[in-house]
Amino acid sequence: MLFVPKRRVLIPKPKSRFVQVVCPNCGYKQIIFDHATFPVRCLSCGEQLVVPTGGKAKILGIVERVLE
Ligand SMILES: [Zn+2]
């Protein structure tokens with residue numbers, strides 16, 4: 001009998017990357033880190049675009065493309 005060890009350990013592998021977001025308020029485009037640990041604001045109008053959550057940041061802006 002084949003014994004399969006129970007090793008279903010979920011290794012947290014955060015795939016951090018940069019995304020280009022468009023400010024929903026003014027349309028300004030900027031590159032942000034999707035695991036940002038600090039709030040990111042639009043450089044043009046000051047609208048908050050990213051809310052840090054401790055893991056993957058919550059992006060409030062429109063994600064236009066992902067840079068890998
Ligand atoms: Zn803006």
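Strands, and helices too, are taken here as DSSP runs numbered from the N terminus, where a helix (H or I) needs at least four residues and a strand (E) at least two. With that in hand, the protein reads β-β-β-β-β-β along its sequence, with 0 helices and 6 strands. The model is a predicted one, in which local features need pLDDT of at least 70 and side-chain atom pairs count only at pLDDT 80 or more, while totals for chains, interfaces and linings use all residues. Residue numbers start from 1 along each chain as its sequence is written.

Strand E1 (residues 18-22) and strand E2 (residues 29-33) run antiparallel and are joined by 5 bridges. Within this pair, Val19 has Ile32 as its bridge partner, and Val21 stands opposite Gln30. E1 and E2 form a hairpin with 6 residues between them, and Gly27 in the turn has a positive phi of about 85°.

Arg17 sits in the segment before E1. Arg17 is exposed, since 12 other C-beta atoms lie within 10 Å; a residue is called exposed at 12 or fewer such atoms, buried at 20 or more and partly exposed in between, with C-beta atoms placed from the backbone. Arg17 is 16 residues from Phe33 in sequence, with their C-alpha atoms 6.0 Å apart in space. Leaving out residues up to four places away in sequence, Arg17 touches Asp34, Val66, Leu67 and Glu68, a contact meaning that the C-beta atoms, placed from the backbone, lie within 7 Å.

The other sheet to visit is an open one of 3 strands in the order E3-E4-E5, again with antiparallel pairing. Its edges are strand E3 (40-41) and strand E5 (58-59), each having a single partner strand, so one side of each is left without a neighbour in the sheet. E3 pairs with strand E4 (residues 48-51) in the antiparallel sense over 2 bridges, and Arg41 stands opposite Gln48 in E4.

Leu49 belongs to strand E4 and is buried, because 25 other C-beta atoms lie within 10 Å. Its contacts, not counting residues up to four places away in sequence, are Val21, Cys23, Ile32, Val40, Arg41, Cys42, Ile59, Leu60 and Gly61. The C-alpha atoms of Leu49 and Pro24 are 8.5 Å apart, although 25 residues separate the two along the chain. Leu49 also belongs to the largest nonpolar core, whose 7 residues are Val21, Cys23, Val40, Cys42, Leu49, Val50 and Ala57; such a core is a set of buried Ala, Val, Leu, Ile, Met, Phe, Trp, Tyr and Cys residues joined through C-beta atoms within 7 Å. Apart from neighbours within four places in sequence, Cys42 is in contact with Cys23, Asn25, Cys26, Tyr28, Glu47 and Leu49.

For the protein as a whole, 13% of the 68 residues are buried. Of the contacts with a separation of 6 or more, 32% are between residues 24 or more positions apart.

Notes
Two strands pair if DSSP finds at least two bridges between them. Two residues are in contact if their C-beta atoms, placed from the backbone, lie within 7 Å.
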